[in-house]
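Student: Hi! Could you walk me through this structure? I'd like to know about its inner spaces and its ligand.

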Amino acid sequence: MSDRRLAALAALERKVLWLATWTIHNANHLRPHTDGLKVGGHQASSASLATIMTALYFVVLRPEDRVAVKPHASPIFHAIQYLLGKQTREKLENFRGYKGAQSYPSRTKDTDDVDFSTGSVGLGVAQTLFSSLVQDYIRARGWKKELPEGKMIALVGDAELDEGNIFEALLEGWKHGLRNTWWIIDYNRQSLDAVVREGLWARFEALFRDFGWDVVILKHGQLQQQAFAEPGGEALRHWIDACPNPLYSALTFQGGKAWRKRLLDDLGDQGDVTQLIERRNDDELARLMGNLGGHDLPSILEALEQARTHDRPVCFIAYTIKGFGLPLAGHKDNHAGLLIPSQIETLRQAMGVRAGHEWDPFEGLDLPPAKLKEFLGAVPFAQGGPRRHHPPQIDVPANLAVTVAPSMSTQQGFGLLMHEIAKSDSELAKRIVTASPDVTVSTNLGAWVNRRGLFARSEMVDLFKSERIPSTYNWTFSPAGQHVELGIAEMNLFILLSAFGLSHSVFGERLLPVGTLYDPFIERGLDALNYACYQDARFIIVATPSGITLGPEGGAHQSIATPLIGMAQDGLASFEPAYVDELAIILRWAFEYMQRSGDGEPDAATWLRDMVGGGVYLRLSTRTLEQPQGAIGPLADDVINGAYWMRRPGPNAQVVVAYTGAVAPEAIAAVGLMAEDRRDVGLLAVTSADRLNAGWTAASRARERGLVEARSHIERLLGAVAPQCALVTVVDGHPATLAWLGAVMGHRTRSLGVEHFGQTGSIEDLYRHYGIDTQSIIAAAQAIAPGRPIRYLRQVS
Ligand SMILES: Cc1ncc(C[n+]2csc(CCOP(=O)(O)OP(=O)(O)O)c2C)c(N)n1
Ligand SMILES: [Mg+2]
């Protein structure tokens, strides 16, 4: 890079640091309404990446690259986008405020082209790795071949690498021959509370090399390298290399005088090196000692440009100083530190920024604004128009074919539905990509995989097949395969779904990802699932087995809380059908729903925001149930809306049983047995407590705002039930899932479900033990809907 361009870049680096610092100061000190939000974490943490991000965004990045920026570097990111004309001053002034620039870069809430959200540390890092796999998947199909491959880049805090999900991803990346991924570790040797352990870099280096990555260590900047070449320089190098992290941090914080004293104490009277130190005044000495690789533009540029010449994954360990360029540089408590107004004032003057001109993009720089504008106008990253894509939707047939056997489980039904799709040559079949964390077969995806194959960038034959050894499954890997086989780590499944589920927007190719796992292990990957939803990734998760219905498999595998997760998780529509015909309707809808993107009014019948679209969670079961005969046809909408009357209660009904999922036979039996002793008993099949609840909340809010006619689906269903009628709800999951049904119209309610773990046994044993069997339903009805004794109660017991 020419000296002129380097000078422009150095000027922009100063400006980026100033704007980020001012943004934080403005939010914390100048805007009274954010007083309650006085949280640090940004100032020092941002400053440590100012140089690297300046080099990246203004020189190295290409439009096809995608970046996950360490959460606390958000002000630096927004400042860069501001200089590129993609962020408004208004949003910066409103940093961390209502609708302002976000504390942590947010793909959905920010408006300045955030590629991947970050916040919960570790997840954005893994997202880049899986996005790189998505890019390979797309190119393996011959799509987007005309475009250059992008680098998937994460700016990683050194303490962020404590997060285990990063290493889970690393292993998966190695298995899949990861390419085009750069992780740039901001090695400031500080976390939130403390200074990191000595020699951590060596562990990182060994680890990454073991996983097949190139490791580039940016330790010394050019000033330091030049000093090392001077007489006595080697002694200085040794001193720096041996200096413990806390001491280096402390001296950085104290500045030139302290450096001089300490260096002379340690290296005084040693001839050349003493003179090397003495030749520099305090400021020069501080600049020299602060000139680590991660703050040296030429070293960074060289290393990054070099990495672009190949597609191997690269880990950069960039030595930095937390708070570089600010008075809190290096102090171990600086994470929550904020510059006080007098320090900002000093910095403002040092930056040559006049009061009242704090937001001016080129204020105080020694280069003419026209030159800087020219430089910014030519930044490669900012060329080429919008970086988000909106490919067309994939057609979904009106019905998904499935032959319902007289008895089967919803898990089997799912396998059959996927098999039928696999057999077809439809666009839907081509765009589905499945993944499973080592439970492909046990979640019933085997038939789909047999037909569609496993994905790998290069062919790998199934040895059993080539050796003609009989096997049910054909495990052939090829670039055409549509199933990504993952190791057991559920975090990886969800981040992979997050990456595949953003393919339409990030890479311009729409994919319909479906992930299967055991229901209890949703909790293992829950933060990653939440992350995927926060980014608005679109995917379907299919979870089996679930609940205590898995019977003898054991207490450790029982899932109790997942129905509540399904209800509470934003961005995810959750269903728990009991029957395969319901599932066929829901799965079809899910393929369509996951592709929607829009806004507008909520659906007038349900008050759900269905036009927005989202992810879908299907909680299925391995329990074989007798399947109802006859077409569900007219009820299809009700199945999607969340509930339908399997048996409509009469006008004088005393009891309604509302059930969800695999306990259907118990609910049906209880209703049958009660019929002689309670009038007009009703049976409500709830396919989605989540959607019923969301619609009810939305309609209530609409009424409170004056739309008196607003009615949700569940209000219409229960509105027809006599007020004195009691409700008994039952689900193989936490009873709170359906307990709220009583609040909709004020019906007395008793809710059955599972609250405790761990007993093993047959389904029958367990339903009895936890009180969700037929007998318990009848007992609850008798207690809550008094009348003559229900005779079957005694007989059943
Ligand atoms: C999963 C998760 N746990 C905890 C936090 C709170 N937190 C934010 S940053 C941070 C550590 C920062 O250290 P490092 O990654 O080294 O970044 P630096 O500030 O030094 O740049 C912590 C614990 C978080 N954001 N996410
Ligand atoms: Mg750190």
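Student: What kinds of residues are in the lining of the largest cavity, nonpolar, polar or charged?

Tutor: The lining of the largest cavity has 5 nonpolar, 6 polar and 3 charged residues. Keep in mind as we go that this is a predicted model.

Student: Okay, and how much space lies in that largest cavity?

Tutor: About 110 Å³ of space lies in the largest cavity. It is lined by 14 residues, and P563, S574, F575, E576 and A689 are the closest to its centre.

Student: Which elements give two or more residues to that lining?

Tutor: Those elements are the helices α25 (562–568) and α29 (689–704), together with the strands β13 (572–575) and β14 (615–619). The largest share comes from α25, with 3 residues.

Student: How many cavities of 30 Å³ or more does the structure hold?

Tutor: There are 5 cavities of 30 Å³ or more. The second largest cavity has about 50 Å³ of space.

Student: What lines the second largest cavity?

Tutor: Its lining includes N188, R189 and Q190, as well as T320, I321 and K322. Y248 and G330 are also among the lining residues. By type, the lining of the second largest cavity splits into 2 nonpolar, 7 polar and 2 charged residues.

Student: Let's switch to ligand 1. How many residues surround it, and which are the closest?

Tutor: Ligand 1 has 18 residues around it, and the closest are S45, K70, D158, Q190 and K322.

Student: Which backbone atoms lie by a nitrogen atom of ligand 1?

Tutor: A backbone N or O atom of G119 lies 2.8 Å from a nitrogen atom of ligand 1. For V121, a backbone N or O atom is 3.1 Å from a nitrogen atom of the ligand.

Student: New topic: pockets. What can you tell me about the second largest pocket?

Tutor: The second largest pocket holds about 1,200 Å³ of space. Its lining has 39 residues, with A286, R287, G290, F324 and G325 nearest the centre. Of these lining residues, 20 are nonpolar, 13 polar and 6 charged.

Student: Which helix gives the most to that lining?

Tutor: That's α14, which supplies 6 residues. Several other helices supply at least two residues each, including α1 (3–30), α9 (222–229) and α16 (341–350).

Student: What about salt bridges, how many does the structure hold?

Tutor: It holds 43 salt bridges. In one of them, the side chains of R387 and D113 meet with an N to O distance of 3.0 Å.

Student: Why does that pair tie together parts that are apart in sequence?

Tutor: It comes down to where the two residues sit: R387 is in the loop between α17 (369–377) and β6 (407–408), while D113 is in the loop between α5 (89–93) and α6 (123–140), so the pair links parts that are 274 residues apart in sequence.

Notes. Residues are numbered from 1 along each chain as its sequence is written. Chains are lettered from A and ligands numbered from 1 in the order in which they are written. This is a predicted model: local features need pLDDT of at least 70, side-chain atom pairs count only at pLDDT 80 or more; totals for chains, interfaces and linings use all residues. Side-chain values use heavy atoms; hydrogens and water are left out. On a 1 Å grid over the protein atoms alone, a cavity is a set of points where a 1.4 Å probe fits but cannot get out, and a pocket is an open set with protein on both sides within 12 Å along at least five of seven lines; lining residues have an atom within 4 Å of a point. Grid points are joined across faces, edges and corners, and a volume is the space filled by probe spheres set on the points. Helices (H or I, at least four residues) and strands (E, at least two) are DSSP runs, numbered from the N terminus. Ala, Val, Leu, Ile, Met, Phe, Trp, Tyr, Cys and Pro count as nonpolar, Asp, Glu, Lys and Arg as charged, and the others, Gly among them, as polar. A residue is near a molecule or strand if one of its heavy atoms lies within 4 Å of it. A polar contact is a pair of N or O atoms within 3.5 Å; within protein, one must be able to donate a hydrogen and the other to accept it, and residues adjacent in sequence count only if both atoms are side-chain atoms. A salt bridge is a side-chain nitrogen of Lys or Arg within 4 Å of a carboxyl oxygen of Asp or Glu.
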